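Here is a short report on helix packing and aromatic pairs. Have the sequence and the 3D view open as you read.

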Amino acid sequence: MIEQPAYTGFGFTDGEWGLLVGLPQSVLTAASAAESDGARRTMAENAAGMDTISAGRESASPLVAAVAGEVVSRVGDPEAGAELPVIEPADPRALMEDVLGRAKEAAALLAAKVDEGEAGAYKHWLVEIAEQVVGAASSGGILGLGGDVVSDIERRFRDRLAQVLND
């Protein structure tokens, strides 16, 4: 007997599942890239984002748990010491806009395919990932001192993500 992929139980196609599984890491990357913070701070942001993604495996939402499990199986488990490479996109604003566009697409997909509770849990989880990333390291300041915990551009990305997901 051939085992069916997990996403078929939720009624998603391979492409739709790819969107849902790719989005958490994309949110992490866009939130981290919103403000250029230096390698040490970016690593802290990546770690906070991956911890939040990994924690999704324990979610009461079967969808969030399945997506989180898939992400961790692809990129590595932070509890086992796996770290994401620091990604510095050439155009952080374009990346943020792309992620927001995919988030809007995912919200529409979820509205059409799963119940409101599952959709809400997934969208809340994405915003929580962004929240943890932007709050993981202060931006600005000198020699790691001072600066804002969450910069204006980071706050705008997080808030726009929440708005796009809930429109």
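The model is predicted. Helix α3 covers residues 62-75, and its axis lies 9 Å from that of α1, at an angle of about 70 degrees. That angle makes α1 roughly perpendicular to α3, because values from 65 to 115 degrees are classed that way.

Which residues make this contact? From α1 come Trp-17, Leu-20, Val-21, Pro-24 and Gln-25. From α3 come Leu-63, Ala-66, Val-67, Glu-70, Val-71, Arg-74 and Val-75. By class, the contact of α1 with α3 holds nine nonpolar residues, one polar residue and two charged residues.

α1 also packs against helix α5, residues 116-134. The crossing of α1 and α5 is right-handed. Here the α1 side supplies Leu-19, Leu-20, Leu-23, Pro-24, Val-27, Leu-28, Ala-31 and Ser-32. The α5 side supplies Tyr-122, Trp-125, Leu-126, Ile-129, Ala-130, Val-133 and Val-134. Among the residues of the contact of α1 with α5, 14 are nonpolar, one is polar and none is charged. The helices α1 and α5 run roughly parallel to each other, because their angle of about 25 degrees falls under the 35 degrees cut-off.

| Helix pair | Angle between axes | Distance between axes |
|---|---|---|
| α1 and α3 | about 70 degrees | 9 Å |
| α1 and α5 | about 25 degrees | 8 Å |

Next, the aromatic rings. How many aromatic pairs does a search of the whole structure find? The search finds four. In one of them, the ring centres of Phe-10 and Phe-12 are 6.4 Å apart, and the planes meet at 35 degrees, so the pair is tilted. Ring pairs also tie Phe-10, Phe-12 and Trp-17 into a cluster. Trp-17 is also one of the α1 residues in the contact with α3.

Is Phe-12 buried or exposed? Phe-12 is buried, at 4% relative accessible area. Phe-10 has 22% relative accessibility, so this residue counts as partly exposed; the limit for buried is under 20%.

Now look at Gly-9. This residue sits in the segment before α1, a helix that spans 14-33. Gly-9 has a relative accessible area of 69%, so Gly-9 is exposed. Gly-9 and Leu-63 are separated by 54 residues in sequence, and their C-alpha atoms are 9.8 Å apart in space. Leu-63 is among the α3 residues that contact α1.

Notes: Residues numbered from 1 in each chain as written. Predicted model: local features only at pLDDT ≥ 70, side-chain atom pairs only at ≥ 80, totals over all residues. Heavy atoms only, no water. Helix = DSSP H or I, 4+ residues; strand = E, 2+ residues; numbered from the N terminus. Buried < 20%, exposed > 50% of the residue type's maximum accessible area, 1.4 Å probe, protein only. Axes fitted to C-alpha atoms, helices over the stretch in contact; angles between N-to-C directions. Parallel < 35°, antiparallel > 145°, perpendicular 65-115°, else oblique. Left-handed = near helix turned anticlockwise from the far one by under 90°. Contact = heavy atoms within 4.5 Å. Nonpolar A, V, L, I, M, F, W, Y, C, P; charged D, E, K, R; others polar. Phe/Tyr/Trp six-rings, centres within 6.5 Å; stacked < 30°, edge-to-face > 60°.
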